[in-house]
Amino acid sequence: MTTKVKLSEVKEPKVHAEAYCDGCNEFHNTQDVIFENIEEDYAGRDVMTFECPVDNKLHKGIIITREYYFDD
């Protein structure tokens, strides 16, 4: 038996960026930190300098993206 799903019922994943903080060892949403600078490391990855909301000091961290789904 085949189940039909309406295209309007399919949830699209949302993507957000996070930066790893080497000060508190946590990931922070890039929209929730004070942005200072962005650059590339030797491998071409994006590295963000930002103020950590935990210790209020400047740290550099690699930026990653994550997918998640919102519940309506």
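Predicted model: local features only at pLDDT ≥ 70, side-chain atom pairs only at ≥ 80, totals over all residues.
Helices (H or I, at least four residues) and strands (E, at least two) are DSSP runs, numbered from the N terminus.

View 1. Residues are numbered from 1 along each chain as its sequence is written, and side-chain values use heavy atoms, with hydrogens and water left out. You'll find 0 helices and 5 strands here, giving a β-β-β-β-β pattern along the sequence.

View 2. Strand β1 (residues 14-21) runs antiparallel to strand β2 (residues 26-29), with 4 bridges between them; two strands count as paired if DSSP finds at least two bridges. E18 sits opposite N29 in β2. Between the strands come 4 residues, and N25 in this hairpin has a positive phi near 60 degrees.

View 3. Going by pLDDT (the predictor's confidence in each residue, from 0 to 100), the chain averages 85, and 83% of the residues score at least 70. Strand β4 (residues 46-51) has the highest confidence, 94, while β1 has the lowest, a mean of 86.

**View 4. Surface and contacts.** Of the 72 residues, 22% are buried, meaning under 20% relative accessible area (1.4 Å probe, protein chains only). The chain exposes about 5900 Å², with carbon and sulfur atoms supplying 49% of that; the areas come from the Shrake-Rupley method with a 1.4 Å probe. Among contacts (heavy atoms within 4.5 Å) between residues at least 6 apart in sequence, 45% join residues at least 24 apart.

Methods
Buried < 20%, exposed > 50% of the residue type's maximum accessible area, 1.4 Å probe, protein only.
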